[in-house]
Amino acid sequence: MSALWIAHVTVTDDAAYKKYAELAGPAIADHGGTFIARGGRYVQLEGKERPRNVVARFPSVDEAVACYHSDAYQKALDHARGASERELVIVEISE
């Protein structure tokens with residue numbers, strides 16, 4: 001079953017986070033991920049507000065987890081650490 005990678009982000013260092021985004025996109029694509037939403041308009045109804053929200057669809061939970069742990073994504077993530085506050089969850093889609 002397909003899965004969604006859902007990230008809620010507050011960017012604290014624009015330059016470093018831009019480098020993360022440049023590297024993360026190809027790493028996600030290499031694992032079959034495609035972006036559904038990337039920082040667009042949102043309405044916060046509950047919980048902690050994060051102004052950047054990203055949703056990517058993957059072929060499976062396992063593929064999304066493999067992406068996260070891949071060398072390419074971890075290299076990208078090095079630029080996000082210290083440049084953002086984030087939550088990331090992977091959710092299987094009921095199809």
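Analyst: Two strands count as paired when DSSP finds at least two bridges between them. This model is predicted. It holds an open sheet of 4 strands with antiparallel pairing, in the order β2-β3-β1-β4.

User: What makes β2 and β4 edge strands?

Analyst: Count partners. β2 (34–38) and β4 (84–92) each have a single partner strand, so one side of each lacks a neighbour in the sheet. Neighbouring strands of this sheet are turned by 15° against each other on average, direction ignored.

User: How do you know that β2 and β3 pair?

Analyst: The cut-off is at least two bridges. β2 and β3 (residues 52–58) have 4 bridges, in the antiparallel sense. They therefore count as paired. Thr 34 stands opposite Arg 57 in β3.

User: Which helix packs on the sheet, and what does it touch?

Analyst: Helix α2 (residues 61–69) does. It touches β1 (3–11), β3 and β4. The direction of α2 makes about 155° with that of β4.

User: Why are the buried residues of α3 said to line one face?

Analyst: In α3 (residues 71–80), the buried residues are Tyr 73, Ala 76, Leu 77 and Ala 80. Down the axis of α3, they fall within an arc of 105°, so they line one face of the helix. An α-helix has 3.6 residues a turn, so residues three or four places apart point the same way. On the other side of α3, Asp 71, Lys 75 and Asp 78 are exposed.

User: What covers the buried residues of α3?

Analyst: The cover includes β1, α1 (14–30), α2 and β4. Gly 82 follows α3, with a positive phi near 85°.

User: What makes the link between the side chains of Thr 10 and Arg 50 a polar contact?

Analyst: The limit for such a pair of N or O atoms is within 3.5 Å. The contact between the side chains of Thr 10 and Arg 50 is 3.1 Å. It therefore passes the distance test.

User: How is Asn 53 classed, buried or exposed, and why?

Analyst: Asn 53 has a relative accessible area of 16%, so it counts as buried. Asn 53 is found in strand β3. A polar atom of its side chain lies 3.1 Å from the backbone oxygen of Arg 50.

User: Why does Tyr 68 not count as buried or as exposed?

Analyst: Buried stops under 20%, and exposed starts over 50%. Tyr 68 is at 25%, so Tyr 68 counts as partly exposed. Tyr 68 sits in helix α2. Beyond its neighbours within four places in sequence, Tyr 68 is in contact with Trp 5, Tyr 73, Gln 74, Leu 77 and Leu 88.

User: Which residues of the largest nonpolar core touch the most other members?

Analyst: Of its 17 residues, they are Trp 5, Tyr 20, Ile 28, Phe 58 and Tyr 73. The elements giving two or more residues to this core are β1, α1, β3, α2 and α3. α1 gives the most, with 5 residues. Beyond its neighbours within four places in sequence, Phe 58 is in contact with residues including Trp 5, Ile 28, Ala 64 and Cys 67.

Methods
Residues numbered from 1 in each chain as written. Predicted model: local features only at pLDDT ≥ 70, side-chain atom pairs only at ≥ 80, totals over all residues. Heavy atoms only, no water. Axes fitted to C-alpha atoms, helices over the stretch in contact; angles between N-to-C directions. Contact = heavy atoms within 4.5 Å. Buried < 20%, exposed > 50% of the residue type's maximum accessible area, 1.4 Å probe, protein only. Arc of directions from axis to C-beta. Polar contact = N/O pair within 3.5 Å; in protein donor to acceptor, adjacent residues only side chain to side chain. Core = buried A, V, L, I, M, F, W, Y, C linked by side-chain atoms within 4.5 Å.
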